[in-house]
Amino acid sequence: MAGKTLYDKLWENHLVEQREDGSALIYIDRHLLHEVTSPQAFEGLRLAGRQPWRRDANLAVPDHNVPTDSAERAGGVAGIADPVSKLQVQTLDDNCEAFDIVEIDINDVRQGIVHVVGPEQGATLPGMTVVCGDSHTSTHGALGALAHGIGTSEVEHVLATQCLVQTKMKNLLVRVDGKLLPGVTAKDVALAIIGEIGTAGGTGYAIEFGGEVVRGLSMEGRMTLCNMSIEAGARMGMVAVDDVTLDYVRGRTYAPQGEQWDQAVAAWRDLHSEEDAVFDQVVVLQGEAIRPQVTWGTSPEMVLPIDGTVPDPAQIDDPTRRAATERALVYMGLKAGQSITDIPADKVFIGSCTNSRIEDLRAAAAVVKGRKVAASVKEALVVPGSGLVKQQAEAEGLDRIFIEAGLQWREPGCSMCLAMNADKLGPGEHCASTSNRNFEGRQGIGGRTHLVSPAMAAAAAISGHFVDVSTWEEA
Amino acid sequence: MSITPFTQHTGVVAPLLRDNIDTDAIIPSREMKRVSKQGLGEGLFAAWRYTLPGGREPQSDFVLNQGDYTGASILLAGQNFGCGSSREHAVWALREFGIRAIIASSFGSIFYNNCVRNGLLPIPLDAAQVELLAERVVRDPQQQRITIDLPAQTLALAAEPEGILSFDIREGDKQMLVEGLDGIALTLKHAEAIDAFEAQDKQQRPWVYL
């Protein structure tokens, strides 16, 4: 019999009951909550007269709606200008108090994007099942956890039962061999993978990311990679535990200590696929072949290397794909054959659960240091992923570098990723964005998103258009 | 919560044959800023359905605004329908609008689960079958209704009942839809098994239970 994959092991370790139709009851170790997808779940509990199964498994933090402007933020919940945003954040506070759930609230220095905060606090640990009412929960798989997004009915289900009814996925190994060239980051790897397998390529699979390139990534880089699993159609992506993982987890607030740490490490050392494990599908990319990536369309699979040109629908045989390409070009205001480097960056957004960790901010700061944002750029935001990331960045002087270059230094939150708070694109504006989705209207009505790495976004801010950060020297 | 059971359904079918229709398109974030499940139907497909952002004047070329598709309760779509965000608001909006079933060549997996928990039937068919159905339907949408029989796992054009197609669905999901069951109540029947798992797991992984 073939050896187990990492996913097989995580699944078996949490199996409460196997059902005849192939589904199973799976135990959930950690449930993260935020203000957008939880109110109706708490309301459901209330209506049914139910209580949380295990309160200490839950951790809540508001992120989607919180203002990132310092002045507005200073007023706490009461100071949120948008009444509906305020209502959602207030409702989370009220529900956490009513159901006795630990919340890191808007005024807490540890507040931030739930997928930054979880690992940062050690609330996400290797070997855990981690869920949250947010599709980018796949991020936490970077720690060797089984982590995925759920809908609000499932949020209620986890609150009430500490379990989910699930069907086991197939195993997909995405192996990135070799080395990355200078200027190429985890974000470029993630986009290149999606370009290769498509946004439905991972549907029905749990992805394990492996290979020399992945082993060489920091935890921040691995989180960026796993974060975008959902953009490849897979609910979950994960990376095997190694010393990088353990070094990251050690000493964090919710991480075990002393004897229990040693006991945990002994268990976590087993969190990798066996050498003789068989995957249902294997995709291999060569690290050296990956160039800095830029999306040109309205789906993350519409992506090209920076030296590419916008595709010509006339050259596409498949009618559905041709129509999708035509539609995307109209929405994005691009012409077939146009060079990616000719696309302007009207706005720049460095942040989101994909790219707002300290390493991302360092990479962006290194590019803008001593330079100025192009006059044509209307707004360039840097939004740290959490209050602790913000503190660290300020201790390193990154905030000064951004501000001197003409970028805005904001308070932590989801910000311009999804247009639920005040940070938005206007119609027709092109944005160099380090977020994860370039869907129509995602960053604001009529907004045109181009997904890139933090270094590429920073370079676009300085140049006013997309440039190859790996070879770029400002004239 | 009571969920409308789904057994048989006959309805008008609206073709929206694009791939990768994401949940941001089904309901933009600006339309889901509320703390209840009600009132979301208006925001369904807002960016495509209305002429102006935030407005409510119908965009005449959008399929659900065309007279032929008045009262549509079934959508026909391409691959990866409901990809992207986990927002269940997308499903609540579809249900409030009156959609009972979606036929697509594949679904985003979180969206699929959200459908099953809200009495909305997701039907995966291969792309060729979806296209064939769409071709038939556009000839006379009000006459070319589709009849779905969930217990039998079949569907057919009402005007061509002999052309039956079968579809797949997991037994547990089917049961949940057919009986309109509360998934939490079902799981709580297994509370002893959950207790037993926790008791044993606490010995093995005490650091999880802090």
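**Burial and backbone in a predicted model**

Me: What percentage of the 210 residues of chain B count as buried?
Reply: The model is predicted: local features need pLDDT of at least 70 and side-chain atom pairs count only at pLDDT 80 or more, whereas totals for chains, interfaces and linings use all residues. Residues are numbered from 1 along each chain as its sequence is written, chains are lettered from A and ligands numbered from 1 in the order in which they are written, and side-chain values use heavy atoms, with hydrogens and water left out. Buried means under 20% relative accessible area, exposed over 50% and partly exposed in between (1.4 Å probe, protein chains only). Of the 210 residues of chain B, the buried share is 57%.

Me: Among contacts in chain B between residues at least 6 apart in sequence, what percentage join residues at least 24 apart?
Reply: Chain B has 8 helices and 8 strands (DSSP runs numbered from the N terminus: H or I of at least four residues, E of at least two). Its C-alpha trace spans about 65 × 45 × 30 Å along the principal axes. With a contact taken as heavy atoms within 4.5 Å, the share of these pairs at least 24 apart is 64%.

Me: Which helix of chain B supplies packing for the buried residues of H2(A)?
Reply: Helix H2 of chain A covers residues 39–48, and its buried residues include A:Pro39, A:Phe42 and A:Leu45. Within chain A, these buried residues pack against strand E3 (30–33), helix H4 (83–98) and helix H6 (152–161). Chain B contributes helix H3 (89–97).

Me: Which residue with a positive phi follows H2(A)?
Reply: The phi in question is near 65°. The residue that follows H2(A) is A:Gly49.

Me: Why is helix H9 of chain A described as largely enclosed, and how many of its residues are buried?
Reply: Helix H9 of chain A runs over residues 219–227. Among its buried residues are A:Glu220, A:Arg222 and A:Asn227. The helix is largely enclosed by the rest of the structure because the buried count is 9 of the 9 residues.

Me: Is A:Gln162 buried or exposed?
Reply: A:Gln162 has a positive phi near 60° although it is a residue other than glycine, and its place is the loop between H6 and strand E8 (163–167) of chain A. With a relative accessibility of 0%, A:Gln162 is buried.

Me: What is the relative accessible area of A:Asp100?
Reply: A:Asp100, not a glycine, has a positive phi of about 60°. This residue sits in the loop between H4 and strand E5 (102–103) of chain A. A:Asp100 is exposed, with a relative accessible area of 55%.
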